[in-house]
Amino acid sequence: MPTSKPRVVSFREESKINSPAFDDPSEAGFFVSALPQDPLIQAPNNTFSNQIKTLHLSSDKPLSARPSSKQCALAGIVPMSLAGQCYYSLCNTTGGHVLARSFVRSIRKLGLARKAFTPFDALELKPQALRGLIQLWKRIHWSPGDGMMPVEQLLAIYEYVLRWPGDGDVVELGSWTGLTTCYLATACQQRGNSHVYAVDTFEGTMEFGQTYPSVAGFGGSTYAEFSKRIAQAGHENRVTPLVGRTDHWAGEYPGKPIRVLFIDADHSYEGVRNDFENWHKHVEPGGLIIFHDHNFPGVKRFIDETLRDDPRVSHDPGLIVENVYMVTRTTT
Ligand SMILES: C[S@@+](CC[C@H](N)C(=O)[O-])C[C@H]1O[C@@H](n2cnc3c(N)ncnc32)[C@H](O)[C@@H]1O
């Protein structure tokens, strides 16, 4: 378990961490994939393949043709440019949306633009979902390195949080610089309910007492960056940061019963197990529990083995896109 005082280690050190969880040398890749978009880390064997499996909640069809996060690195360019602003304004109207979607579908049929511009993929979302994204992207732009999550995973989570029924709040365990928090808050804004609580030490806390090396680039705390981004997105009144450890805040959670719990903090087996055990009781029956980084050995082991036959959850909807696994809280 992490110590209370994080220390900064280099990537080289990280991948050599001596822990019982790393008995299998193949698990050394864990730390490489742990930080796929960390700008300060050169990850030579990044194994993120980011193949989309299904997205089956509100889209008319699975977004199986979505590009991978590496392929869509250009996505950051669109929101930043004037053309991006025009594109969003156009898509914000019903006619423009239909026009842009037909155009993109046609050029994709010709085999063009298949591997770039993730914002195009958002055209497949229903108008309410798209409108929220457009508002968000006009305020903050996504670019590789901004957060730790590939865009197609962000979109899938966004859509589920938008659609999932219930009146409760949304809790994020592990917010880093607030990119995912903005998508959660935008989804809540679009549906017109749910407050978002963002729990994080903001010190780049990591498993086994380590810290993310890149937290040094934020002066040892990502809180200022987090606050800046939340303000940029206009979500100050919808997001409450809970600064501290997840186990501490589980005992002092100030919100309503949880409609969606998003777990993306300590990815060790013990860490994810503790987060589930400490927080599941706050989740309302029928509430959604989302685990990020299902590929990580600790997370995978917890979900596939420990949680497999646990009557407190049903494994539905399951694996939505690579690395994003969702279960539903039962009444047990
Ligand atoms: C993988 S990052 C979160 C990434 C973010 N959800 C995103 O996609 O941009 C993990 C975050 O969890 C926080 N964290 C890890 N273990 C924690 C713990 N036990 N208590 C509080 N925060 C923790 C770290 O400080 C870090 O900011």
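Residue numbers start from 1 along each chain as its sequence is written. The model is predicted, so local features are given at pLDDT of at least 70 and side-chain atom pairs count only at pLDDT 80 or more, while totals for chains, interfaces and linings use all residues.

**Stop 1: the whole chain**

Show everything as a cartoon and colour by secondary structure. Helices (H or I, at least four residues) and strands (E, at least two) are DSSP runs numbered from the N terminus.

Next, colour by burial. Of the 332 residues in the chain, 44% are buried. A residue counts as buried with 20 or more other C-beta atoms within 10 Å of its own, as exposed with 12 or fewer, and as partly exposed in between, with C-beta atoms placed from the backbone.

Two residues are in contact if their C-beta atoms, placed from the backbone, lie within 7 Å.

**Stop 2: helices α8 and α9**

Select residues 151-163 for helix α8 and residues 179-191 for helix α9. Their axes come within 8 Å and cross at roughly 30°. Axes here are lines fitted to C-alpha atoms, for helices over the stretch in contact, and angles run from 0 to 180 degrees between N-to-C directions. α8 and α9 are therefore roughly parallel to each other. Angles under 35 degrees count as roughly parallel, over 145 as roughly antiparallel, 65 to 115 as roughly perpendicular, and the rest as oblique.

Show side chains where the two helices meet. α8 brings L154, I157, Y158, V161 and L162, and these meet T180, Y183, L184, T186, A187, Q190 and R191 of α9. By class, this contact has 8 nonpolar, 3 polar and 1 charged residues. In that scheme Ala, Val, Leu, Ile, Met, Phe, Trp, Tyr, Cys and Pro are nonpolar, Asp, Glu, Lys and Arg are charged, and the others, Gly among them, are polar.

Now take the helices one by one. α8 is mostly covered, with 12 of its 13 residues buried; E152, Q153 and E159 are among them. Its end C-alpha atoms are 18 Å apart, which agrees with the 18 Å its 13 residues should span at 1.5 Å a residue. The expected span is 1.5 Å times one less than the number of residues.

In α9, 11 of the 13 residues are buried, so α9 is largely enclosed by the rest of the structure. From its first C-alpha to its last α9 reaches 19 Å, close to the expected 18 Å. Just after α9, click on G192, which takes a positive phi of about 80°.

**Stop 3: Y158**

Which residues does Y158 touch, not counting those up to four places away in sequence? Centre on Y158 in helix α8 and you will find Y183, T186 and A187. Y158 and Y183 are 25 residues apart in sequence, yet their C-alpha atoms are 5.7 Å apart in space. Y158 is buried, with 24 other C-beta atoms within 10 Å.

**Stop 4: helices α12 and α13**

Select residues 269-279 for helix α12 and residues 297-306 for helix α13; their axes are 7 Å apart, at an angle of about 55°. α12 and α13 are therefore oblique to each other. The contact is made by Y269, G271, V272 and R273 of α12 and by G298, V299, R301, F302 and T306 of α13. Those residues divide into 4 nonpolar, 3 polar and 2 charged.

**Stop 5: backbone details**

Start with W176, in the loop between β2 (169-173) and α9. Its phi is near 55°, a positive value in a residue other than glycine. W176 is buried, with 25 other C-beta atoms within 10 Å.

Then move to D293, in the loop between β7 (283-292) and α13. D293 also has a positive phi, near 65°, and is buried, with 23 other C-beta atoms within 10 Å.

Finish at D316 and P317, where the peptide bond from D316 to P317 is cis, with omega near 10°. P317 lies in strand β8 (residues 313-321).
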